[in-house]
Amino acid sequence: MSATGIPGADGPEIAVSIVICTYQRPELLGACLDSLIGQRVGDTSSGSAHEILVIDNSVLAEGRPVVEGRQAAFALRGVTLRHVVEERPCVSFARNRGVAEAAGALIAFIDDDERACDGWLERLLEPFHRLGDAVDIVSGEVEPDFGALSRPDWLADDMLQFFSCRWGRGSEP
């Protein structure tokens, strides 16, 4: 198996696998993927790259056409975008499948109802580059997307920081 985690594929080492779990929300998945198209690992001269795995937790695989419609755009940027169906319902099965499928040394999770903010991936990886094995986990700033629904009443302003949301804060992390 090559460094990309795909048998027979040659390419740069995969530094991080971005895992998106989705269930019957193709519109939200599309917006999430669109927020990831400009994300970078950092200095591309290092030869490292990232991949994106969409773990579809629906046997109907509504996410497949969304992924297939964007694969060429991601490929132009050197990013592998894969669709995997996990038939066992429950986000924990989907996340575990993402971990099993990941080729990257690091795994970044983002939900289909979130949007990665500009520089999300670089800022997420920076502590690992700077501190190495001293880092176990980090979180990155995202924008939640509730589709046509409004923000839930239970998600009060003082709770936003716990969900890595930037609502109510300035542009600085």
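## Basis of the values

In this predicted model, local features need pLDDT of at least 70 and side-chain atom pairs count only at pLDDT 80 or more, whereas totals for chains, interfaces and linings use all residues. Residues are numbered from 1 along each chain as its sequence is written, and side-chain values use heavy atoms, with hydrogens and water left out.

## Overall fold

The chain has five helices and six strands, where helices (H or I, at least four residues) and strands (E, at least two) are DSSP runs numbered from the N terminus. Along the sequence these elements follow the pattern β-α-β-α-α-β-α-β-β-α-β. Of the 173 residues in the chain, 42% are buried; the term buried stands for under 20% relative accessible area, exposed for over 50%, and partly exposed for values in between, with a 1.4 Å probe and protein chains only.

## Salt bridges

Side chains of opposite charge can pair when their charged atoms come close. With a salt bridge taken as a side-chain nitrogen of Lys or Arg within 4 Å of a carboxyl oxygen of Asp or Glu, the count comes to 12 salt bridges. One of them joins the side chains of Arg25 and Asp113, with an N to O distance of 3.7 Å. Arg25 lies in the loop between strand E1 (13-22) and helix H1 (26-36), and Asp113 in the loop between strand E4 (106-111) and strand E5 (114-116), so the pair ties together parts that are 88 residues apart in sequence. Arg25 is partly exposed at 33% relative accessibility, whereas Asp113 is buried, with a relative accessible area of 19%.

Within helix H5 (residues 120-131), Glu126 and Arg130 lie four residues apart, about one turn of the helix, and their side chains form a salt bridge with an N to O distance of 2.6 Å. Glu126 is partly exposed, with a relative accessible area of 33%, while Arg130 counts as exposed at 53%. Elsewhere, a network of salt bridges links Glu51, Arg82, Glu86, Arg88, Arg97 and Glu101.

Arg95 forms a salt bridge with Asp111, the closest N and O atoms being 3.3 Å apart. Arg95 lies in helix H4 (residues 91-101) and Asp111 in strand E4, so this pair ties together parts that are 16 residues apart in sequence. Both residues are partly exposed, Arg95 at 26% relative accessibility and Asp111 with a relative accessible area of 23%. Arg95 also lies over the face of Phe109, at 5.5 Å from the ring centre, under a rule that asks for NZ of Lys or CZ of Arg within 6 Å of the ring centre and within 35 degrees of the ring normal.

Phe109 itself is placed in strand E4 and is partly exposed at 36% relative accessibility. Together with Val99 and Ile107, Phe109 makes a nonpolar surface patch of about 220 Å². Such patches are made of residues with over 30% relative accessible area and no salt bridge, like charges being joined within 9 Å and nonpolar side chains (Val, Leu, Ile, Met, Phe, Trp, Tyr) within 5 Å, and the areas come from the Shrake-Rupley method with a 1.4 Å probe, where for residues only the protein chains shown count as cover. Val99 is found in helix H4 and is partly exposed, with a relative accessible area of 42%.

In H5, the residues Trp120, Leu121, Leu124, Leu125, Pro127 and Phe128 are buried. They cover an arc of only 140 degrees around the axis, which puts them on the same side of H5; the arc is that of the directions from the helix axis to the C-beta atoms. The face turned away from this buried side carries the exposed residues His129 and Arg130. Gly132, which follows H5, has a positive phi near 60 degrees.

Most residues other than glycine have a negative phi. Ala61, although not a glycine, has a positive phi of about 50 degrees; Ala61 sits in the loop between strand E2 (48-56) and helix H2 (64-68) and is buried, with a relative accessible area of 13%. Cys90 also has a positive phi, near 130 degrees, and is found in the loop between strand E3 (80-85) and H4, where Cys90 counts as partly exposed at 38% relative accessibility.
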